[in-house]
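Biologist: Could you walk me through how to read a few local features? I would like the general idea each time, then the case itself.

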Amino acid sequence: MELPETPFTLFDWNGVTPHEYPGQTGTSMSRSFTSGDLRVRVVDYGAGYLADHWCDIGHVLLVSTAHWTWNSPTDA
């Protein structure tokens, strides 16, 4: 993954309308900011959320508050 050079940016996430995405169970609410090829998202996962897909693209991840159980397709 290559992160593009991006100028320092202040951004008010409260001004972005969240979009709801259903999972296999539960839902997530996502807000996005795009600058060139870079997309930054803030995602709030509801209790019991289980993704309905697996993404093979590289990601940079910061978790601020969570109780997280990680299951990947390669987990036995």
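Modeller: Let's start with burial, where buried means under 20% relative accessible area, exposed over 50% and partly exposed in between (1.4 Å probe, protein chains only). S28 has 4% relative accessibility, so S28 counts as buried. This is a predicted model, where local features need pLDDT of at least 70, side-chain atom pairs count only at pLDDT 80 or more, and totals for chains, interfaces and linings use all residues. Residues are numbered from 1 along each chain as its sequence is written, and side-chain values use heavy atoms, leaving out hydrogens and water.

Biologist: Which residues does S28 touch, not counting those up to four places away in sequence?

Modeller: Contact means heavy atoms within 4.5 Å. By that rule, the partners of S28 include H19, E20, Y21 and Y49.

Biologist: And how do I read aromatic pairs?

Modeller: A pair of aromatic rings is described by the distance of the centres and the angle of the planes. Rings of Phe, Tyr and Trp (its six-membered ring) pair if their centres lie within 6.5 Å; planes under 30 degrees apart count as stacked, over 60 as edge-to-face and the rest as tilted. The whole structure holds 3 aromatic pairs. For F11 and W13, the centres are 4.9 Å apart and the planes are at 70°, so this pair is edge-to-face.

Biologist: How is the pair of F11 and F33 arranged?

Modeller: F11 and F33 are tilted, with 4.4 Å from centre to centre and 50° between the planes. Ring pairs join F11, W13 and F33 into a cluster.
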